[in-house]
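Reader: I have a model open and want to go through it with you. Can we start with how the helices cross?

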2 protein chains.
Amino acid sequence: MKLLNYSDKKYTGGLLKRPLLESAALEKTVEQILRDVKKSGDSALKKYSLKFDKIKLDSFLVTTKEISEAKNLISKELRKAMQLAKKNIEKFHSAQKETSTQIETTKGVLCWRKSVGIEKIGLYIPGGSAPLFSTVLMLGVPAKLAGCKEIILCTPPGKKGKIDPAILYAATLVGVTKIYKVGGAQAIAAMAYGTESIPKVFKIFGPGNQFVTCAKQLITKEGIAIDMPAGPSEVAVIADDSCIPSYVAADLLSQAEHGADSQVILVSDDEQTIKKVISEINLQIKKLPRKDIAAKALTNSRAILVKDLDQGMQLLNDYAPEHLIMACKDYKKFSGQVINAGSVFLGNFSCESAGDYASGTNHTLPTNGHAKAYSGVSLDSFVKKITFQEISKKGIRKIGSAIELLAEAEGLHAHKNAVTIRLKK
Amino acid sequence: MKLLNYSDKKYTGGLLKRPLLESAALEKTVEQILRDVKKSGDSALKKYSLKFDKIKLDSFLVTTKEISEAKNLISKELRKAMQLAKKNIEKFHSAQKETSTQIETTKGVLCWRKSVGIEKIGLYIPGGSAPLFSTVLMLGVPAKLAGCKEIILCTPPGKKGKIDPAILYAATLVGVTKIYKVGGAQAIAAMAYGTESIPKVFKIFGPGNQFVTCAKQLITKEGIAIDMPAGPSEVAVIADDSCIPSYVAADLLSQAEHGADSQVILVSDDEQTIKKVISEINLQIKKLPRKDIAAKALTNSRAILVKDLDQGMQLLNDYAPEHLIMACKDYKKFSGQVINAGSVFLGNFSCESAGDYASGTNHTLPTNGHAKAYSGVSLDSFVKKITFQEISKKGIRKIGSAIELLAEAEGLHAHKNAVTIRLKK
């Protein structure tokens with residue numbers, strides 16, 4: 001991790017550049033997979049499962065037997081920890097429920113909106129080195145609270161054709177309807193178009209590799225909604241000399257271990273603090289099982305010395321980090337300056353891991369600078385807010401002539417007439 | 001408008017098919033425009049303005065002089081009507097402001113979220129036969145309420161290089177920062193990438209033709225957010241014998257006049273009602289200036305006889321109309337059955353025109369069946385909801401061991417360590 005000085009002219013502009021993702025070549029491959037699944041359904045899924053996951057499956061649906069066995073394949077302690085996480089996620093997301101209030105905008109003109117759960121949704125959970133059951137909780141809990149009726153989950157099976165029992169347990173804990181053993185771009189295609197065995201859904205959630213990300217992006221063209229555009233995970237820490245360098249180092253490493261393309265940023269007004277954090281990183285990294293991945297991520301990463309924390313906040317708003325940890329004395333004051341960030345962690349004891357697992361906030365957050373325009377996943381992501389209006393005879397008399405004028409000025413006479421005909425009687 | 005019977009086997013499946021949009025050929029043209037504007041900025045904008053809008057411009061920015069003149073070029077009555085619309089839109093969207101509540105998910109674990117306006121947004125307002133100033137109000141009012149700092153607007157100039165004064169007046173009324181005379185896919189590109197004269201924004205809103213729609217879809221790949229995918233406008237009316245056929249006909253026509261590709265649907269349990277509405281349509285259409293457009297739209301449209309309104313609601317939830325008018329006696333009961341719709345209009349006096357202009361609800365709504373997963377534009381569309389957490393020493397002791405277990409089970413030891421190091425001290 002390199003120490004850079006913000007005031008140094010040579011870094012201007014490029015100081016917070018993210019690693020560029022090249023996707024054009026990938027797109028052709030993914031388009032082919034999408035077309036194939038759309039056309040051939042399950043048989044295309046089988047072909048790609050064999051090709052990419054090296055697995056031959058007769059059926060994608062996880063059986064009730066497999067699900068009921070899962071519970072006993074994980075420890076009681078892990079089950080309890082998941083239950084605690086679920087409880088906190090539920091508490092935080094329940095508070096996001098909107099009560100429908102009728103607004104009388106003009107006498108006799110009542111307007112309101114109502115949140116209705118998206119009927120059919122699909123969750124994608126990647127396979128790979130770690131079973132991301134925490135993402136099952138983060139997506140499944142708000143989906144259930146929102147009233148989504150059909151919640152399906154696709155995840156690639158392991159080498160023996162089985163799903164990790166922790167994923168199965170988490171899925172049943174939150175009330176997933178059906179679980180399918182299929183991964184990659186083909187799983188996204190299956191949920192977007194439907195196949196003989198996998199139902200079509202209206203919105204798809206969840207992280208994945210570049211193929212999955214690209215497939216999610218492409219299916220939006222066909223009217224399927226997705227949670228948000230994805231990118232490598234990232235954290236930024238803003239720290240002053242009140243921080244505890246070993247904590248900051250641990251937080252930076254917890255993000256760096258995600259993947260070689262992760263990015264971690266440290267911003268501080270104190271050079272000594274930066275130096276202490278870097279030397280703590282060098283100590284702690286040695287003991288990590290994923291130290292090679294973390295070391296690679298650290299090469300994309302930077303420690304930036306700023307003249308004061310105001311300058312640091314300006315820089316970070318420009319960067320728009322997915323996670324922002326504020327390890328500074330005056331975090332209450334500086335948190336008011338946050339404009340662009342996915343989720344913010346305040347003080348020395350709010351580590352990112354807490355939000356990743358169990359504090360209650362959602363961990364599906366905008367990466368890659370998307371925090372400038374996107375929010376993280378919340379209850380909102382699983383509902384549509386439908387507006388309603390009920391206008392009385394009196395109400396239309398109050399606003400009718402304004403509507404007539406406006407419609408006429410836009411050259412839309414039938415719009416005008418829909419009011420005129422009602423005012424006449 | 002054809003009367004079809006839902007129970008008739010020959011219509012199964014295809015009864016509510018929408019006209020298909022072909023976009024592959026278009027995409028290549030739009031990609032070229034995007035690349036060109038990204039590379040050559042203003043000079044590319046000038047080239048395309050000359051090519052598509054037949055206009056040669058030295059500067060895109062609307063001058064303060066043009067803006068101040070606009071006010072006097074429209075009638076006092078129209079200005080007053082716009083002010084009324086603005087007031088109602090403001091009232092309804094203000095009520096969507098979220099108060100930030102701190103939730104203590106576990107003792108010592110405080111979580112909350114805060115809405116922060118998207119800093120820079122762009123509004124696109126199409127040119128063409130009608131000046132859509134109402135859309136300026138529908139997008140500009142919530143943008144301002146949300147606290148967006150920079151609100152720019154692009155719209156193609158008319159033949160004399162001028163913008164319609166009603167659009168200019170609406171833009172100043174809501175507080176648009178800058179207005180630019182540029183339209184089409186090149187305007188979307190300008191707002192997505194920025195040029196010498198037009199600033200880059202983080203999210204782009206507004207309707208447009210197929211080129212604009214395609215450009216908006218394509219720029220999402222590069223991390224620019226958009227309001228929602230677009231499609232032709234549509235309305236569905238569910239009516240029983242309590243409806244007033246001339247009102248229903250006027251509502252159907254007000255949608256049909258939007259464009260030849262608009263779709264209007266009438267669903268009723270009463271054949272006589274359908275027949276009366278159709279004959280009213282045939283009468284009213286004759287007097288409309290846009291009767292040719294409306295007539296074309298009616299060829300895409302259907303009147304469907306259902307056995308009862310429950311069946312009608314099922315059918316309409318499957319169709320997911322942008323606008324749904326409930327002209328039936330028991331609309332209170334049946335409105336509870338709405339799952340998929342953009343905006344719902346209840347009773348005989350709630351015409352769609354009211355919501356299009358002045359009742360207060362937003363008229364930027366999900367078309368083309370997108371109401372299954374998308375909401376219309378609201379205050380939410382202009383903010384990011386950032387989550388915050390503040391965990392005390394006690395708090396991390398309460399949830400720390402669960403986090404350690406969960407992180408370990410996911411194979412993420414650095415995540416675990418970020419907690420362990422805090423629990424140790």
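Reader: Which hand does the crossing of α16(A) and α9(B) have, left-handed or right-handed?
Author: The crossing of α16(A) and α9(B) is left-handed. Keep in mind that this is a predicted model.

Reader: Which residues make that contact?
Author: From α16(A) the contact takes A414(A), H415(A), N417(A), A418(A), I421(A) and R422(A). On the α9(B) side there are S246(B), Y247(B), A250(B), D251(B), L253(B) and S254(B).

Reader: How do the residues of the contact divide into nonpolar, polar and charged?
Author: In the contact of α16(A) with α9(B), 6 residues are nonpolar, 4 are polar and 2 are charged.

Reader: At what angle do the two helices pack, and how far apart are their axes?
Author: Helix α16 of chain A, residues 413-424, packs at about 165° to helix α9 of chain B, residues 245-256, and the axes are 7 Å apart. The angle is over 145, so α16(A) counts as roughly antiparallel to α9(B).

Reader: Why say the copies meet through the same surface?
Author: Because 100% of the interface residues of chain A are also interface residues in chain B.

Reader: And what are the confidence scores for chain A and the complex?
Author: Chain A has an average pLDDT of 94, and 97% of the residues score at least 70. For the complex, the predictor gives an ipTM of 0.96 and a pTM of 0.96.

Notes
Residues are numbered from 1 along each chain as its sequence is written. Chains are lettered from A and ligands numbered from 1 in the order in which they are written. This is a predicted model: local features need pLDDT of at least 70, side-chain atom pairs count only at pLDDT 80 or more; totals for chains, interfaces and linings use all residues. Side-chain values use heavy atoms; hydrogens and water are left out. Contact means heavy atoms within 4.5 Å. pLDDT is the predictor's confidence in each residue, from 0 to 100. Axes are lines fitted to C-alpha atoms, for helices over the stretch in contact, and angles run from 0 to 180 degrees between N-to-C directions. Helices (H or I, at least four residues) and strands (E, at least two) are DSSP runs, numbered from the N terminus. Angles under 35 degrees count as roughly parallel, over 145 as roughly antiparallel, 65 to 115 as roughly perpendicular and the rest as oblique. A crossing is left-handed if the near helix is turned anticlockwise from the far one by less than a right angle, and right-handed if clockwise. Ala, Val, Leu, Ile, Met, Phe, Trp, Tyr, Cys and Pro count as nonpolar, Asp, Glu, Lys and Arg as charged, and the others, Gly among them, as polar.
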